[in-house]
Amino acid sequence: MSFRTIFSPMAPTPPKRPEAPSAGGRRHSRLAISLLAVISVVALTMVPAATASTSGAAHPARARHKRAHPASGCANATAIVGRAPVKVLRSAVVCLINQQRTSRHLPPLRASLLLDHSAQNWTNAMVSSDVFSHGTNFAARISAVGYVWRSAGENIATGFQTPAGVVRAWMASTGHCQNILNPTYANVGTGVTRRQVRGWASGAGSWTQDFALSMYKSPPSANWAPADGCPY
C-alpha cells in the first residue's frame, strides 16, 4: 500500500509508503487529505492545511498519546466493496471513525445526508476521471449540496476493499487521523464505490469522507489532545 497526503489541494507531498504484495508485484492503495478552516466568518478566509490540527486559530501544543485503539464492535467492518450495499459500507465507516473518537473522549460525528451527497459525488468523479485529488476547491462542493459550513475537511482513499481497512490506513496517517479526530467537526458524509482510481491503485474500492461543522453551530469539543497524538 502507499499513502499520499496533500498539504494543500495544489501541492501533493508523498510520505513513507507502506506496501503489500499483490498479483503481478505490488498492490497499491492511496490516501489523500485536505483540511480547510474558516478563520473569518465575514471575509471567509480559508486556510488549507493537512497536518496542522487548527481550525481557524492555533491551539497550544499538548502531550502526545500514542496508545492505539483497535477497531471492533462495528457491524460490517469487514464487508467488501461491491458485495455490500453502499448504505451498509457508509454505516460501518461512520461507526469505526466514531469508535476512534469516543474511545478518546471526543463526541461522535453525526452522518449528514448532504455530506453523503458531496462525498459520493466526488468519489464517482474521481473514478470516472481517473484523477485522485481533492480538486481545486473541495469546500465549494460541500456548499453546492446545500451544507452551510463553518469549517470542513476531507479524506480520500483508493484501493481499500473494506471499511476497517480504509479507517485503519487513515488513522495511521497523520493528516487523515487529525481530520477524523478534529474536535470541532460535528457532521460527516461518506462516499464509496467498488471501482478504484485507475493508475493510482490496483485493488478495488475508492472512498471519500467529508467532515464539517455547520455555520450555525458551535464546535462540540475543544479537546485537541487526541488529534495532537496522531497518527495511531
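Start at Asp130, which is partly exposed at 24% relative accessibility (buried is under 20% relative accessible area, exposed over 50%, and partly exposed in between, with a 1.4 Å probe and protein chains only). Before going further, a word on the source: this is a predicted model, where local features need pLDDT of at least 70, side-chain atom pairs count only at pLDDT 80 or more, and totals for chains, interfaces and linings use all residues. Residues are numbered from 1 along each chain as its sequence is written, and side-chain values use heavy atoms, with hydrogens and water left out.

So what does Asp130 pair with? Its side chain meets that of Arg198 in a salt bridge, 2.9 Å from N to O (a side-chain nitrogen of Lys or Arg within 4 Å of a carboxyl oxygen of Asp or Glu). Asp130 sits in the loop between helix 2 (113-129) and helix 3 (138-144), and Arg198 in the loop between strand 9 (187-193) and strand 10 (206-214), so the pair ties together parts 68 residues apart in sequence. Helices (H or I, at least four residues) and strands (E, at least two) are DSSP runs, numbered from the N terminus. Arg198 itself is exposed, at 52% relative accessible area.

The structure holds two salt bridges, and the other joins the side chains of Arg141 and Glu154, at 2.9 Å from N to O.

Now look at helix 4 (residues 163-171): eight of its nine residues are buried, so the rest of the structure largely encloses it. Among those buried are Pro163, Val166, Trp170 and Met171.
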